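The report that follows is meant for someone meeting this structure for the first time. Please keep the sequence and the model in view while reading.

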Amino acid sequence: MAGNGLPPLGRVKLSDLVPSEGLPSESYKLSVTTLSQSLVQYSAAIIQFSSSDGALLRSGLDSARLYFHQRSSFPAPDMIHTSDSREWCKTSGYYMDPQLWQETYDYRPGLTPIEPNNTMEIPPGGLPDIFCLLGKTARDILDAISFYLNLRSSPFTEILDNVPLRNSEISSSVLSVCCHARPSFQGAQHHNLTAHEEGQLVMYPDHEHQVDKSLISLVKSDKPGLHIRDLHGRWVLVDVDLGPQEVIVYPGLALYQATAGYVNPALLRTEFNSMQGSMYGRCSVAFKLMPKSMTSLNCSEMRAAGHGVEAQFQLPIPVDDFMQRSHPTDQLFNRHNFQSFSFPTAQDVLSE
């Protein structure tokens, strides 16, 4: 991005985002500011993991490539799932969406996926460990955003899953292992995937604009291709220069609602042009930190911190209702966000 005249996404070490007792350290304040300002500018930031955690994520991607490569080119009809908001907290195992040219394996603790022939699904490797790693990371990032907004510590605990889950509980959060544009996958041959942009042929799915309904999403891919719209309406390829230990983080609609519109959700699209000639397509692991279905999203924490709350955010919304509603994206980006406040710059933080 720097080559395009744009400043780079904020890069933050995960170790610097872990909160501790007492006064915040200088490294914590600087990391929170870097993260939050990047979310203002790009609706995304880069999280840097340790070498051992990075190795775990890369092994997960390697396992994902092999898992999807051995799948049938013609999946059974009952494996076809398009976006069904009623099933948002029930997905588990393998399914595909031909409209997005995407195959997915969802790992959701508390649910055991069963194949159509009633046999146990053999998942990609390492998913429980990756789920734990990215789940803890997402909660640390959520706490960092809360610190930046001057909310009390862990203000969203009541709407999050128990840690660990209690008996018979099913995780609301999910780890999705995805494969876009696998050449041997025949599910999307009749869908329009091309568009012209600035004289070049670029490939996008029919429904090219997506918004996650999560609180926080973390994504690691084996190839670049994730575009997110920035503050000025430009599409930015956010994962083009990721290191082996780096992951993209972006906010979702649930956080937008819970913060009264102060944290804008990321508007996404995936490019397939860079995958031509690849025998595996583009594989990714994506963790989505989700609120519990039996809770409500409300802005009481924002009001308690002295932030103004517009009329549309005044009443609590049951999470299950929120997930089943449609949310037109053209109404999401004209409201208050982080820049409405006089938060310190990185230089101010260091000089305190």
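Throughout this report, contact means heavy atoms within 4.5 Å. Axes are lines fitted to C-alpha atoms, for helices over the stretch in contact, and angles run from 0 to 180 degrees between N-to-C directions. Helices (H or I, at least four residues) and strands (E, at least two) are DSSP runs, numbered from the N terminus.

## Basis of the model

This is a predicted model, in which local features need pLDDT of at least 70 and side-chain atom pairs count only at pLDDT 80 or more, whereas totals for chains, interfaces and linings use all residues. Residues are numbered from 1 along each chain as its sequence is written, and side-chain values use heavy atoms, with hydrogens and water left out.

## Overall composition

The protein contains 8 helices and 15 strands. Of its 352 residues, 49% count as buried, a term that means under 20% relative accessible area, with exposed meaning over 50% and partly exposed in between (1.4 Å probe, protein chains only). Among contacts between residues at least 6 apart in sequence, 76% join residues at least 24 apart.

Strand β13 (residues 282-289) runs antiparallel to strand β8 (residues 216-221), and 6 bridges join the two. Along this pairing, Lys 220 stands opposite Val 285 of β13, while Ile 216 has Leu 289 of β13 as its bridge partner. β13 also pairs with β5 in the antiparallel sense, over 7 bridges, and here the partner of Val 174 is Lys 288 in β13. β13 is mostly covered, with 7 of its 8 residues buried.

Helix α2 has 17 residues and reaches 24 Å from its first C-alpha to its last, close to the 24 Å expected at 1.5 Å a residue, where the expected span is 1.5 Å times one less than the number of residues. The helix is mostly covered, since 12 of its 17 residues are buried, among them Ser 31, Ser 38 and Val 40. Just after α2, Ser 43 takes a positive phi of about 60 degrees.

The axes of α2 (residues 26-42) and α4 (residues 127-148) come within 9 Å and cross at roughly 90 degrees. That makes α2 roughly perpendicular to α4, given that angles under 35 degrees count as roughly parallel, over 145 as roughly antiparallel, 65 to 115 as roughly perpendicular and the rest as oblique. Residues making the contact include Tyr 28, Val 32 and Leu 39 of α2 and Ile 141, Ala 144 and Phe 147 of α4.

## A buried serine in a loop

Ser 172 is found in the loop between α4 and β5, and at 6% relative accessibility Ser 172 counts as buried. Leaving aside neighbours within four places in sequence, Ser 172 is in contact with Arg 108, Asp 161, Met 290, Pro 291, Lys 292 and Ser 293.

Key. Pairing = 2+ DSSP bridges.
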